[in-house]
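The tour makes a few selections, one after another.

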Amino acid sequence: MLKVAFKDLMARKRRLITTGIAVILGIAFLTGTQVLGGVLNDSIDGLFGDIYSGYDAVVRSPEVQETDFGEFRPPLEAAVVEQVRTAEGVRAAYGVVEAATVSLVGADGKVTGSGFGPPTLVYNWIDDPIRPGVLTEGRGPEAPDELALDFKTAADAELEVGDTAEIVGQDETREFELVGLVGFGDEGTDIPGAKPVYFVDEVAQELAGAPGQYNYVAAGAEEGVTQEELASAVADVVPDQQVITGEEWIEQNADQLAQFVGILTTVVTVFGVIALVVASFIIYNTFSIIVAQRTKETALLRAIGAGRRQVVVATLAEAALVGVIASLLGLVGGTLLATAIKALIGSTFTVTGGIAWPTGSTLLLAFGVGIVVTSLSAVIPSIRASRVPPVAAMTEVAVDHTDLSIQRKVWGSLFLVAGIVCSALGLTSAVGNELVFVGVGLLCIMLSVAVILGPLLAGPASRALAWPLTARGSMTARLASENAARNPRRTAATAAALTIGVTLVVVIAVLATSIKSSVVEEVDGALGEVDLIVSAGQFSFLGVPPVVSEEAGQIDGITEVSPVKFGFLRLLDEYGIQQAKQDAASDPPDEDAASAGAIFGVGDDAPLGEDAIANGYEPSNFFDLVDLGDVVGDPQASPGAAIAARDEIAEERGWEVGDTIPVYFSATGEQDLTLVATYSDGLGPDDDFYLSNETLSTNAPPGFDIDFAVYIATEDDPGVRAAAQAELEQLTADRPDVVVQDRREFVESQTAFIDVFVAVIYGLLALAVIIALIGIANTLSLSVLERTREFGLLRAVGMSKRQLRWTVRTEAAIVAVFGTLLGMVVGIAFAVALAYAITADDPGLLQLRLPVVQLVVIMVLAALAGIFAAILPARRAARLDVLQAIATE
Amino acid sequence: MSDPTGTGTTTQRAVAAGAIDARKDYGEGDSAVHALSGVSVSFERARFTAIMGPSGSGKSTLMHCLAGLDRLDSGRVFIGETYLDSLDDAKLTALRRDTIGFVFQAFNLIPTLTAGENITLPMDLAGRKPDREWVDQVVRTVGLADRLEHRPSELSGGQQQRVAVARALSGSPEIIFADEPTGNLDSRSGAEILEFMRAAVDELEQTIVMVTHDPTAAAWADRVVFLVDGQIVDEIADPTAEAVLDYMKHLGD
Ligand SMILES: Nc1ncnc2c1ncn2[C@@H]1O[C@H](COP(=O)(O)OP(=O)(O)OP(=O)(O)O)[C@@H](O)[C@H]1O
Ligand SMILES: [Mg+2]
């Protein structure tokens, strides 16, 4: 029996491949991300190991504040370095300046490293192996106007030793002479994941915004002294500071980046899973058709004595074999994918080229998932095969049943209900792990669409879709629509694969459009009287140079100048403490055993509270310039310790204007602020708190006392405004990363990130759509085979090859459009539900907008893609030998 | 009808189709089968001709070649004034659609189309408007007027064959080829079809060429041509079932 299955499989190698392709692509994605994730994690560990290889112990402040941008700790006084040097076992100890407060001007005159990519880090030059980096050329900086760079950054900026390098600091652009090049690893040939720039101590401290201070102290041990012994000895001489071992330091640094890589691989894995779900529909469909076509053969086997179990086993074995082969090919594809991505990002991250070999667990995953997905998808068809009665061998058989069994209706309805309940639970946040619930809900709804809704609709929908053509008497369209309608189950299952991809595309498109238009409206509305905005590159900590806020007021036509700072604080009010406790309870800090034993001296000792981001405001004019809705209170009150909050937030926390709010800043510790005002709408959706600029300045960590943006009002005359904009640009000419935008430009740039995000997701979803199209092609090829006689007859009575090709293509287009339509309906419904769920928490955050043009484009693309998918099956149909077709029994 | 010469009374009739020294082999060398080994035959307009012969004698092959479904190895076939041997696939397709009607032994209809749609299929494929009056007349004659909205699966075998004949007729082709059109039917249904074809020849001046194994069916024809081992061996004019049966018996010897 197995031999029969195997022979059958070999006789149809092509089908094997097309069926397998869906699985191959899914597996390739899945394993590719696994392999890549492993490679990246290794390289991150290796990277930090390289950079900090000289550190045996690190002394840092115990005061810490977690932010979206990492941990912040106040710097240490130079005196701490001297203290550390007195500890037993210390070979050398140095204060280290490490801050992301500068950028290098590249060969193109633009700032390098702004935007996405590794940050530029300021280091002080330490003349000791402790220093991160090995000198490969020249020497370290000795004078205030000298610097050293890593060789890769230097090469990218087209700089050589002896050249002049331009460094953009927070205040100005300065020129330095490049005196040395640095590399990493034992031989100095590795590239770091950051762009280090080395200066003499004073310059580094100045650029980092902390004159006379260091971010931490690094110590190297004498021979024979372990890291633990050293750390413990150092902790004794600096009892007020936190001391950790070098290993722990490397681990903590690597963890932060590893988290990012983890998120990245999770996202890509999700798309791999989506691809596999789509693939399972296709495998199910293919096997259903194969089983139907083999009815006679199966019946014959049963008639001569094969048992039902044998039939099931044979079919499943066939599926498993497809799974094995597809997994193998998928694994190869995944490895190639990872290798290609590695090569691609090798220039940005510290990844060396070469083949990204899969690990044992990746192998297991590939084969496990591949075989299980294919076999499971074939279970129902195999059971159907086993139900073929032996007498079927003797009688004429219908090719496929088209009725909807009771079972099907029951299951379909169950899936639908389960799907709606699951998504509702997820959307209303009634349960933890919302995303899983929404995902499972969506999957159940998709299944119900494939199982009952699709088959019910497939017939009428196919005819309706072809109506514009059939009404004009097109026989090819008529035949195509009837062909699509004759096997509603098959059409529905084929279309369902596409429906999944389209649903997700539509959800993303609708939400992105809605969010975008909401942001545009909100930002534009909130900008009030603001005419021009000066801001620095989004990912840099450089800020807008102070010269803007100082001198912009003197420019002709400018009436108001309102700089805005930016900072982090921890709220210590009762609500915040409660919140922090809850977070701690639900997500216990799993400090692994290593770190407990690796921290010496003082542990992290910031008070418990809720971390928040705050924008600054200029008390004299900010609230008049921008439109924050209903403002209650006096923003100009107690300017040195002022906080304003969104009124809903204030209410929730039980704050009244005039209350004292206890907060904590990493740089200055616990402080009391006064709630001076409340407002109803922030400038951005997350603007829950504003602190006066003065408050932020006094409490800013070093390097963070920056103007994040400067809002400017001008006279109401386009000419004057344009002139003012030009002058502002002049003013910031030596800061290539600073942009001066008018209102419209600013609003557009605020939504640019949405477009990028959406483009990335579309790219990933394209995979699911491509798999679905392969499915259409595959189903169609099988259907063409099945209809050999019919095509022969059509050709005999005068259908031309062209007409036949068009019939097949039109059928594909109908299936594709049908799947797309279903996807649109489900997608729009889901997007509406999601939008509702989002606005239930936070009304006004999002206004539902349907991107009509985009949706129409998706429809048209789907139809074209269907036609494209049908190219091969259509050609095959047209090539049929008429006579043979007629003779085919 | 379009045929000005087909008066039905003259003995010297115009030729609607024919083959000249048609040869066709299957396979090569010693194992080659001579399906047609030099057939010359002509079919007169507005006449009903039957082709008979033992199984494997080349009847279907001849018919397929005459109808432009297959090509000869050598020799020529023609429909009306047109020699088919030099036509490309597109022209052959158009010829089949516009000037030839088909009835096969089984599987004559597209299962997804209604009986009515199946009848007008060739004209719809050509993008031609069917001649409504004529189609209605054909439909009425075959007695399918109340079955036009039904799908083939909802019709009996005999009804399906009648639809096939109606399709062959509705486009007013120059010639109709029928390969064992009654082979799958009981004798009563078969008789209905034959009666109908006979009527088409007599009243509508159609030209019909039919392959059959059934002497009774052959008796409906104006002329029977006998094919043996790929060659025409004899023919009988105005046959009766008995005469055909006798001849067949004698062939078997
Ligand atoms: N495609 C083919 N390949 C090889 N040989 C063929 C093919 N088609 C027909 N033949 C052979 O050619 C010969 C004539 O076949 P044909 O189908 O014309 O016979 P027929 O007279 O129609 O027989 P029947 O009465 O059984 O239908 C037979 O010997 C047959 O085996
Ligand atoms: Mg035959």
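Which residues are closest to ligand 1? Select ligand 1 together with its surroundings: 13 residues surround it, and the closest are B:Ser55, B:Lys59, B:Ser60, B:Thr61 and B:His213. Keep in mind that this is a predicted model.

Next, colour that shell by residue class. Four of its residues are nonpolar, seven are polar and two are charged. Then show the secondary structure of chain B. Both β2 (33-44) and α1 (59-66) of chain B supply at least two residues each to the shell around ligand 1. The element that gives the most is α1(B), with three residues.

Now look at the oxygen atoms of ligand 1. One lies 2.7 Å from an N or O atom in the side chain of B:Lys59. Backbone atoms take part as well: a polar backbone atom of B:Gly56 is 2.9 Å from an oxygen atom of ligand 1, and for a polar backbone atom of B:Ser57 the distance to an oxygen atom of the ligand is 3.2 Å. Switch to a surface view: ligand 1 taken alone exposes 630 Å², and the protein buries 58% of that.

Move to chain A and select residues 488-526, which form helix α14. This helix has 39 residues and reaches 53 Å from its first C-alpha to its last, close to the 57 Å expected at 1.5 Å a residue. Centre on A:Ala496, where α14(A) bends by about 30 degrees. Because 31 of the 39 residues of α14(A) are buried, the helix is largely enclosed by the rest of the structure.

Notes:
Residues numbered from 1 in each chain as written. Chains lettered and ligands numbered in written order. Predicted model: local features only at pLDDT ≥ 70, side-chain atom pairs only at ≥ 80, totals over all residues. Heavy atoms only, no water. Helix = DSSP H or I, 4+ residues; strand = E, 2+ residues; numbered from the N terminus. Expected span 1.5 Å × (residues − 1). Bend = angle between axes of the 7 residues up to and from the residue. Buried < 20%, exposed > 50% of the residue type's maximum accessible area, 1.4 Å probe, protein only. Near = heavy atom within 4 Å. Polar contact = N/O pair within 3.5 Å; in protein donor to acceptor, adjacent residues only side chain to side chain. Areas by Shrake-Rupley, 256 points an atom, 1.4 Å probe, with all protein chains shown as cover. Nonpolar A, V, L, I, M, F, W, Y, C, P; charged D, E, K, R; others polar.
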